[in-house]
Amino acid sequence: MLVVMLVRGERRAFLRGLALAVTVLAMGVALLGLSGWFITAAAAAGMAGIGILFNVFAPSAMVRLLALGRTAARYGERLLTHDATLRALSHLRIRLLQGLLTRPYRTLERLRANTFLNRVTADIDALDGALLRLVLPALAGGAVIVTASVALWLLVYPSIALILGTGFLLLPTMVFLLGQRIARRPARQAEAAMQASRSRLIDLIAGRDDLTVYGQLQAAEDHARNAHLRHSTARARLDRIERLTQAALDLTGAGLTAAALAVGAMLVQAGEISAARAAIGVFAALALGEAVAPVRRALSEIGRMTQAARRILPSLAVAAPGGTREDMPGTPSLALRDLDYRPGGSGRRVFAPLSLTVAPGEIVALTGPSGCGKSTVLLLAAGALEPSGGTVDIGGAAVGAWSREVLGARIALVPQRNALIAGSIAENLRLAAPGAAPRDLWQALEAVQLAETIRARGGLDSRLGFRGAGLSGGEARRLVLARAILKRPAVLLLDEPTEGLDEATAQAVMAGLRRALPEAVILLAAHRRVEIAAADRSMALDRTES
Amino acid sequence: MPSSATLTDSTRSLDETRGVLLSLGAALVWPLQAAIIAWVIGGLLTDPGRIAPVPAALGFLALAVLRSGIDMAAQRALADAAEARIAGLRAAILDGEARAATASGLGGAGALAALAGEKLEALRPYLLRYRPARLRAMVVPLVILVIALWNSWAVALVLLMAGPLIPVFMALVGWAAKTASERQMVEIGQLSDLLVDRLAALSDLRLIGAGGPLVDGFAETSESLRDRTMAVLKIAFLSSTVLELFAAIGVAMVAIWVGFTLLGELGWGSWGGTLSPAAGIYLLLLTPEFFQPLRDLAAAWHDRAAADAVLDEVDQWQREDRPARLGHGGGGGMDAGPVALRLTGLRHRGLDFPDIEIAPGARIAVTGPSGCGKTTLLRLIAGLDRPEAGRILLGGRPLDEDTATDWRRGIGWMPQAPHFLNRSLRHNIGFGDPVRPEVLRAAHLDGLLAGLPKGDLTLLGERGAGLSGGEARRVTLARAMQGAPQMILADEPTADLDAHTAAAIAEGLMAYAEAGGTLVIATHDGDLAARMDRVIRLDNTRGEAS
């Protein structure tokens with residue numbers, strides 16, 4: 001299924017690659033068979049004293065043509081198939097992210113970055129091999145073995161064709177199926193151990209300080225070392241299976257060559273065929289060994305590929321699309337009616353049913369103790385969560401009725417965590433407004449009292465570390481707010497917007513927000529006096545015990 | 001940090017040497033197998049009756065079994081040696097990272113995990129293939145050259161001309177491939193880090209409609225990776241094509257010379273002007289094997305280029321001069337008991353700190369604008385950083401290598417941005433010990449735990465996925481109190497909390513202080529600071545106690 005998808009994306013490149021792969025293998029078999037026949041036939045003619053009558057030019061020209069043609073075809077085949085594979089995989093990564101973007105908010109929240117990083121990098125790398133080392137060699141090898149068998153039937157003798165054809169088709173397939181079965185478990189173990197050691201090393205490095213103070217560093221080190229050991233053990237088992245597979249394949253080739261030799265010699269002795277024709281059979285058997293060699297490589301990777309495909313596939317599907325409406329008015333208002341939320345289908349309400357209307361240009365503060373559901377209300381208003389009861393209306397229609405594009409363009413929620421990425425200040429800001437001019441960026445920074453700081457840091461091109469490292473908490477907070485301003489949303493939902501800012505700055509930032517977005521609906525989850533003071537009115541959220 | 005010699009030098013283990021020699025032995029079996037084929041086909045031409053087909057075929061097969069057996073033994077020895085080497089490097093990285101006090105300049109946790117994981121795996125093909133291929137390339141062509149010369153000086157001449165040119169091309173192309181492959185390795189590390197970074201922000205960024213630009217940015221990176229990979233492959237494939245071309249021309253020339261000589265058309269090139277059919281066929285069978293070791297070496301050459309790039313990176317990691325952590329970061333040790341703390345003349349990272357005395361049971365707030373060194377001061381007290389100047393005295397003994405581990409046993413640590421381990425909530429609080437119920441109550445976590453479907457067995461991840469900012473903070477408070485420490489160092493403990501919860505957390509901390517605990521808090525929160533016995537205000541560059 002995944003293979004079909006991978007192929008479909010780049011069908012033409014893949015088919016061209018396949019055609020060249022078949023050409024390469026077929027030319028290789030033809031080259032050795034022809035050379036063997038040529039020399040043996042030449043020797044026979046020479047001994048018979050009729051060398052002068054032997055047409056040497058056609059075969060020798062063919063030998064040269066095959067030798068050079070094969071080399072050229074091989075280069076082309078490698079380039080085309082690798083390019084097709086990489087294209088398909090690049091496409092796969094992007095589809096994966098796109099698929100994840102349509103996942104419900106809670107699902108996305110739960111994807112822990114460690115596990116998920118493993119999924120994307122390791123799984124996609126593993127799938128790198130699916131086309132190149134599994135599908136393509138299997139198709140090309142099968143095609144060449146069948147073609148060669150037909151040729152041998154016509155040119156040499158049916159029994160030799162049958163032995164080589166069935167032998168080369170069946171025996172390596174059996175080796176593959178059997179090997180794949182016994183390699184499945186160690187492959188899974190090796191993979192799991194690798195992921196565990198990666199995630200444990202990340203824990204050790206990222207949590208180094210905490211672990212040190214709590215005296216847990218050595219325990220964390222042992223924990224990671226454990227995973228390394230498990231990986232070593234599984235790897236050793238896999239290596240052993242690979243060696244056995246290799247031996248089985250080598251012996252298959254040798255056995256079939258020996259059979260072609262013995263049967264050919266007996267047929268010559270019986271006067272059925274000439275020595276030259278027998279030589280074709282032997283040389284073809286030697287050449288066909290190359291067609292089945294990829295089995296070993298495929299085997300060593302099939303375990304990882306299967307697991308990777310199994311994990312990747314569900315994430316690729318794009319979840320149910322949002323609504324279809326596009327015609328949101330320029331200044332919509334936000335209306336919550338009897339809004340109610342019970343997480344996970346449980347009977348427990350987070351807050352008492354809430355009704356609230358916010359008009360364009362109005363700021364409303366939600367208040368209440370931590371955990372009373374302020375953030376949940378914001379997520380519901382943004383359409384990130386489905387209400388258990390009641391409705392969220394924006395611009396006269398339910399929030400779910402608007403298309404994803406409209407929601408993405410017109411509504412912005414700034415959560416408590418400052419979502420910043422490694423890159424320049426400008427890159428971080430432009431995530432919300434890709435085409436924004438530097439002047440706009442500066443304006444937004446002015447509005448949140450950050451322009452001075454950024455100028456001192458070296459301007460819009462100064463770079464932030466991973467997750468925005470390099471900014472203090474308050475600076476990161478203001479940068480995230482500036483980004484929301486750049487978006488120019490019609491509905492702005494803010495979760496504790498001035499956290500980490502001192503009183504004076506917080507006040508100025510709230511005023512700047514209002515000035516920058518005079519028409520916007522602003523709903524905020526507030527816990528500071530300065531936030532409540534900046535709002536036109538506030539609304540206390542009641543915690544319910546029901 | 002371990003000395004460079006133990007990591008990246010080229011010491012050979014006994015296993016490796018044995019594997020390399022055995023692999024050569026396996027390759028030398030082929031001339032014997034080829035002799036049987038040549039003898040049978042030659043015999044069929046001259047005197048078919050004298051050939052015994054079945055014994056000859058069995059002889060061929062027996063040699064194949066011998067060859068496979070030797071090869072398996074070789075592979076086994078090589079695999080053991082490779083595993084030992086890779087496991088050693090992995091352990092060294094783990095060890096080094098656990099011992100260092102600061103982050104590596106090589107990149108974030110993701111980059112190092114990639115280095116210890118898939119990048120070190122890139123050494124395996126090199127270790128398995130390069131040395132055996134090099135030895136075979138030195139010996140096997142010579143053996144075949146001698147056999148060829150025995151039969152015909154013309155064939156030997158062809159081989160002699162084609163052979164030595166190959167290493168020249170290989171070196172040229174291999175050198176170019178190394179540069180290209182280095183570029184690619186750098187990019188792989190960056191891609192992993194960028195992925196962790198982007199994915200961590202994915203759910204939050206979607207809320208401000210920035211999902212699309214995020215995917216676009218990632219698509220660009222992925223495309224650029226593909227371009228770079230193709231650039232490497234184009235060169236890599238070109239070099240093997242050059243090799244194949246030489247091999248093809250060599251085989252074609254030998255085939256044609258042998259054919260014409262056997263026909264009787266050429267009277268030169270062989271000793272005495274004649275060549276037996278068996279000898280001709282033997283030469284044809286051996287010629288490809290003259291080139292094969294060179295082709296193997298060329299393939300392994302690219303493994304080596306990739307391995308060199310990885311080893312360079314390991315070297316770079318190793319050469320970094322990173323301060324070692326004070327103490328060993330493990331458990332055990334003795335609680336130092338309540339001691340008075342005296343900080344004198346501390347200076348670190350361009351910041352001067354006032355002299356401070358902290359008696360057991362003291363409650364101290366450290367305040368000041370962002371960047372004034374509040375966090376640094378806490379890190380110095382915890383022994384996470386070594387001060388550049390000045391001393392920290394623990395009741396008369398300096399905080400140093402010997403005392404740090406014991407000292408930290410008595411500390412509870414509340415960082416501003418905790419890294420949660422990819423393990424259960426319970427493990428993140430108690431590190432394996434059962435969580436004390438009174439701690440859960442004091443941190444107001446009991447309600448949260450009751451709401452989680454898996455309770456304290458719920459998995460956490462980076463950034464405490466699934467927990468709100470306030471919840472994450474409460475988890476760090478619980479963790480700090482879990483060990484019943486002498487002193488709690490808290491960095492902005494009330495940030496991210498609403499007034500109600502902030503007050504509750506402050507209550508928890510105060511109750512801890514009432515019970516005799518020492519409290520040092522870096523904070524912006526004026527209310528919290530006012531509840532301490534003493535406020536130390538740090539100035540931007542020059543610390544002044546007030």
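The following exercises, each with a worked solution, concern a predicted model.

In this predicted model, local features need pLDDT of at least 70 and side-chain atom pairs count only at pLDDT 80 or more, while totals for chains, interfaces and linings use all residues. Residues are numbered from 1 along each chain as its sequence is written, and chains are lettered from A and ligands numbered from 1 in the order in which they are written.

**Exercise 1.** Describe the open sheet of five strands in chain B.

*Solution.* Begin with the inventory: chain B has 17 helices and ten strands. Helices (H or I, at least four residues) and strands (E, at least two) are DSSP runs, numbered from the N terminus. Next, read the order of the sheet, which is β7-β8-β9-β4-β10 with parallel pairing; two strands pair if DSSP finds at least two bridges between them. Then consider the edges: β7 (411-414) and β10 (534-537) of chain B each have a single partner strand, so one side of each lacks a neighbour in the sheet. Neighbouring strands are turned by 15° against each other on average, direction ignored. Finally, take one pair: β8 (residues 487-491) and β9 (residues 518-522) of chain B are joined in the parallel sense by five bridges, and B:Ala490 has B:Ile521 in β9(B) as its bridge partner.

**Exercise 2.** Determine whether A:Val364 is buried, partly exposed or exposed.

*Solution.* First, locate A:Val364 in strand β3 (residues 363-367) of chain A. Second, recall the cut-offs: a residue is buried with 20 or more other C-beta atoms within 10 Å of its own, exposed with 12 or fewer, and partly exposed in between, the C-beta atoms being placed from the backbone. Third, apply them: A:Val364 has 19 C-beta neighbours inside 10 Å and therefore counts as partly exposed. Beyond its neighbours within four places in sequence, its contacts include A:Leu356, A:Leu523 and A:Asp536; a contact requires C-beta atoms, placed from the backbone, within 7 Å.

**Exercise 3.** How are α16(A) and α17(A) oriented to each other?

*Solution.* Start from the geometry: helix α16 (residues 473-487) and helix α17 (residues 503-516) of chain A pack at an angle of about 10°, with axes 10 Å apart. Axes are lines fitted to C-alpha atoms, for helices over the stretch in contact, and angles run from 0 to 180 degrees between N-to-C directions. Angles under 35 degrees count as roughly parallel, over 145 as roughly antiparallel, 65 to 115 as roughly perpendicular and the rest as oblique. Hence α16(A) and α17(A) are roughly parallel to each other. Lastly, the contact involves A:Arg478, A:Leu481 and A:Ile485 of α16(A) with A:Val509, A:Leu513 and A:Ala516 of α17(A).

Terms used:
Contact = placed C-beta atoms within 7 Å.
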